[in-house]
Amino acid sequence: MTSSIHSDIKNTVRISARRYDQSPFYDCYANEETVLGVVAERFYGVFNGEDAVETYWNLRRKVVLYDVPEKPWQIEGPDAMAFMEKIFARNISTLKEGRGLYAIACTHDGGTFMDGILFRMAEDVFWYVQPDGHFLPWVMALSEGFDVEISDPLGRVLQIQGPNSLKVMSDLTDGAIDETLKYFQSGYYDIKGQRLYVSRTGWTGELGYEIYSVGTDTSIDKKTDHHKLFSDVMEAGKQHGIVYGSMASMEIRRIEAGILDNVTDFDHTMTPFAAGLGPFIHVDKEGYIGRAALQQADTRMRLLGLVCKSAVPGYRGEVSEGGTRVGHVTASTWSPTLDCGVAYVRFDEPSDWVGKTLTVVTEDGVTADCEVVTLPFYDKEKKIPRGLDKTIP
């Protein structure tokens, strides 16, 4: 069985780049089988003609390069820290230069508006790397009274993911990146003559790194030679088994790892608690958008996992208990590691769902039994991306 993204590729429409941004790396990997999707008003590779499961195993055993559509925004100025504290429902004041953290922006009524990674690039310079959604209008509207400048560095993100990713990054930086760069640490490095920002993060649940390019000169960066960067990464990765991969393989692994996708898996109608993101909310922090609502919110989870031994739960497939609908699937795949179907279920109402056996409509349109579990499906302590579990499956 294959990822639901892979199986639905035949139904995906190929569209031309008129309204959305094309990746500067596109020409480095595109072929006649490339299928594009759109996230954050950017094209990205949903499929590139590869065997998704084969690339998945390369990710788990060696290393894969991904061109992802996440979009950085630069926020800088004397009031940048104070502004970040207002926007995000997490303490930002303790964030040091050369560090990143997962930060959630909420609506005034406590809804989960945006999640992403916030980096402190310099004393008064931050990058917020968003997934899907519209972050810019929100922060522009809220910036009145703050001495900040919000700009688009036209940044792009390359992810180098898998157990051999450290070896690739070490070769790219002549040994400057080594095991001392810990999970969510970041900084500037020379990569074959280009000064680029690198973080030890990713969207796969594997050991991994992200390289951030820019498409224009900014206050802290010079425009990146994207083709050279892509070529340098692939060249450095040759001896370590690197391949280029599209979202078809990343989607499998991110679901296994319990990594959520904004708008798809949760949205502004759910609080962070309902989405299972409560640990990243500092409820009693003063002054952030949504504080009053979150202090009164129900903290029970509505987004959980499903394990289905016989089939892949269908996207948007109804989940039922005793013949009555209780929720729906937001993302699903066949897990090659667990050898079963796994999915996220968004329940209509919170309850004691974990451990229950329910039914779900599968990709084939029939119903199958499934068990409700907590996320992620394995490696619950994130020992793999933290570098504490180096077992090769």
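## Salt bridges

A quick definition to start: a salt bridge here is a side-chain nitrogen of Lys or Arg within 4 Å of a carboxyl oxygen of Asp or Glu. This is a predicted model, and a search of the whole structure turns up 17 salt bridges.

One of them pairs the side chains of Asp267 and Arg346, at 3.3 Å from N to O. Asp267 sits in the loop between α7 and α8, while Arg346 belongs to strand β17, so this pair links distant parts of the chain, 79 residues apart. Arg346 is buried, with a relative accessible area of 12%.

Asp348 forms a salt bridge with Arg325, and their closest N and O atoms are 3.1 Å apart. Asp348 is in the loop between β17 and β18 and Arg325 is in strand β16, so the bridge ties together parts 23 residues apart in sequence. Both ends are partly exposed: Asp348 has a relative accessible area of 30%, and Arg325 comes in at 36%.

Glu286 is exposed, at 61% relative accessible area.

## Where α5 meets α6

How do the axes of helix α5 and helix α6 cross? They come within 9 Å and cross at roughly 120 degrees, which makes α5 oblique to α6. The crossing is right-handed.

On the α5 side, Val168, Asp171 and Leu172 make the contact; α6 brings Asp232, Val233, Ala236 and Gly237. Sorted by type, the contact residues are 4 nonpolar, 1 polar and 2 charged.

Technical notes: Residues numbered from 1 in each chain as written. Predicted model: local features only at pLDDT ≥ 70, side-chain atom pairs only at ≥ 80, totals over all residues. Heavy atoms only, no water. Axes fitted to C-alpha atoms, helices over the stretch in contact; angles between N-to-C directions. Helix = DSSP H or I, 4+ residues; strand = E, 2+ residues; numbered from the N terminus. Parallel < 35°, antiparallel > 145°, perpendicular 65-115°, else oblique. Left-handed = near helix turned anticlockwise from the far one by under 90°. Contact = heavy atoms within 4.5 Å. Nonpolar A, V, L, I, M, F, W, Y, C, P; charged D, E, K, R; others polar. Buried < 20%, exposed > 50% of the residue type's maximum accessible area, 1.4 Å probe, protein only.
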